[in-house]
Amino acid sequence: MTSLFRAIFPNTARPLVAMAHVPALPGTPLYDAAGGVDALVEHVQRDVDVLVEAGFDAVMFCNENDRPYELHAGPEASAVMARVVTECRPAAIPFGVDFLWDPRIALATAVATGASFLREVVSGVWESDMGLWNTDAAATLRERRRLDAGDIAILMNISPEFASPIGTRSFAQIAKSTVVSSLADGILVSGPMAGAGPDTAVLREVREAVDAVDPEVPVILNTGARAETIAEMLTIADGCIVGSSLKVDGHTWNRVDPDRARRFVDAARR
């Protein structure tokens, strides 16, 4: 792994990162105005407590229920995310942030809250549920430099959910060039949507492609991690990010199920 990512998990070979999904934020269609921001904090705090107790190596906060997702969010998104993360961040393990799908918001929240890493799509052009999606890795990394936040690892998703690439390059080719040209601190491999994993062959091809240019860069399973298959996946990937399979009935927007969370950690450790 890169020294930046390894510094976050110095004694963990394959980190297990659990998602703390933040309910819909103010201004989005599914926002619970009656509960307000206090309800967001209560919901997320309960899930974080369960995930820490289950033994995960890190937690990542994400605005998972801000459907339909925006490519350019407003300042209120960063402000509310920063409040929720600040009040709910775990004391004993590292944490990261993600914002679907605006890296400016994720980076601002990470800086404001003291996060160790963030997850975003920062390179490539995609056709997606959100329309044509054009990213800017140069702007994201320059903003990190401007904010003196070089210690925040940027994990780059090269196969985002709800989208497909414009062009003919394979995900292995995209991963290789993202490491070289976009200076990724980690490569994330996803399935077609939240809760769905990538094809094992694709994950392996990405792993081999990244190894060919910089074997120190971690390749991380980003979606579809399940207790039943995580042992196999971790023979290829350097860690995983998991959310949906930890929830009650395996449904993305339900609360975290303590039994599912413990079962997942046990399976991964074995």
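Which residues lie nearest the centre of the largest pocket? The close-ups below, taken from a predicted model, start there.

**View 1. The largest pocket, seen around His72, Asp102, Pro103, Arg104 and Asp136.** Those five residues lie nearest the pocket's centre, out of a lining of 17 residues. Helix H4 (103-113), strand E6 (131-134) and helix H5 (137-146) are the elements that give two or more residues to this lining. The space inside comes to about 300 Å³. Sorted by class, the lining has 9 nonpolar, 4 polar and 4 charged residues.

**View 2. The second largest pocket, with strands E1 and E11 in its lining.** Here we have about 210 Å³ of space. Ala194, Gly195, Thr223, Gly243 and Ser244 are the closest to the centre, among 22 lining residues. Strand E1 (16-21) and strand E11 (240-242) each put in at least two residues. By class, this lining splits into 8 nonpolar, 10 polar and 4 charged residues.

**View 3. The largest cavity, lined by residues that include Phe5 and Ile241.** Searching the whole structure turns up 1 cavity of 30 Å³ or more. It holds about 30 Å³ of space. Around it sit Phe5, Pro15, Val17, Leu155, Ile220, Gly239, Cys240 and Ile241. The class count for this lining is 7 nonpolar, 1 polar and no charged residues.

**View 4. Phe56 and Phe264, a stacked pair of rings.** The count for the model is 6 aromatic pairs. In this one, the ring centres are 6.0 Å apart and the planes meet at 20 degrees; planes under 30 degrees apart count as stacked, so that is what we call it. The two partners come from distant parts of the chain, 208 residues apart. Phe56 belongs to the loop between helix H2 (36-54) and strand E2 (58-62), while Phe264 belongs to helix H9 (residues 258-269). Are these two buried or exposed? Phe56 has a relative accessible area of 3%, so it falls under the 20% cut-off and is buried. Phe264 is buried too, with a relative accessible area of 1%.

**View 5. A phenylalanine cluster made of Phe5, Phe9 and Phe117.** Ring pairs are what tie these three together.

**View 6. Arg67 over the face of Trp253.** To finish, a charge sitting over a ring: Arg67 is placed 3.7 Å from the ring centre of Trp253.

Methods: Residues are numbered from 1 along each chain as its sequence is written. This is a predicted model: local features need pLDDT of at least 70, side-chain atom pairs count only at pLDDT 80 or more; totals for chains, interfaces and linings use all residues. Side-chain values use heavy atoms; hydrogens and water are left out. Rings of Phe, Tyr and Trp (its six-membered ring) pair if their centres lie within 6.5 Å; planes under 30 degrees apart count as stacked, over 60 as edge-to-face and the rest as tilted. Helices (H or I, at least four residues) and strands (E, at least two) are DSSP runs, numbered from the N terminus. Buried means under 20% relative accessible area, exposed over 50%, partly exposed in between (1.4 Å probe, protein chains only). A charge sits over a ring if NZ of Lys or CZ of Arg is within 6 Å of the ring centre and within 35 degrees of the ring normal. On a 1 Å grid over the protein atoms alone, a cavity is a set of points where a 1.4 Å probe fits but cannot get out, and a pocket is an open set with protein on both sides within 12 Å along at least five of seven lines; lining residues have an atom within 4 Å of a point. Grid points are joined across faces, edges and corners, and a volume is the space filled by probe spheres set on the points. Ala, Val, Leu, Ile, Met, Phe, Trp, Tyr, Cys and Pro count as nonpolar, Asp, Glu, Lys and Arg as charged, and the others, Gly among them, as polar.
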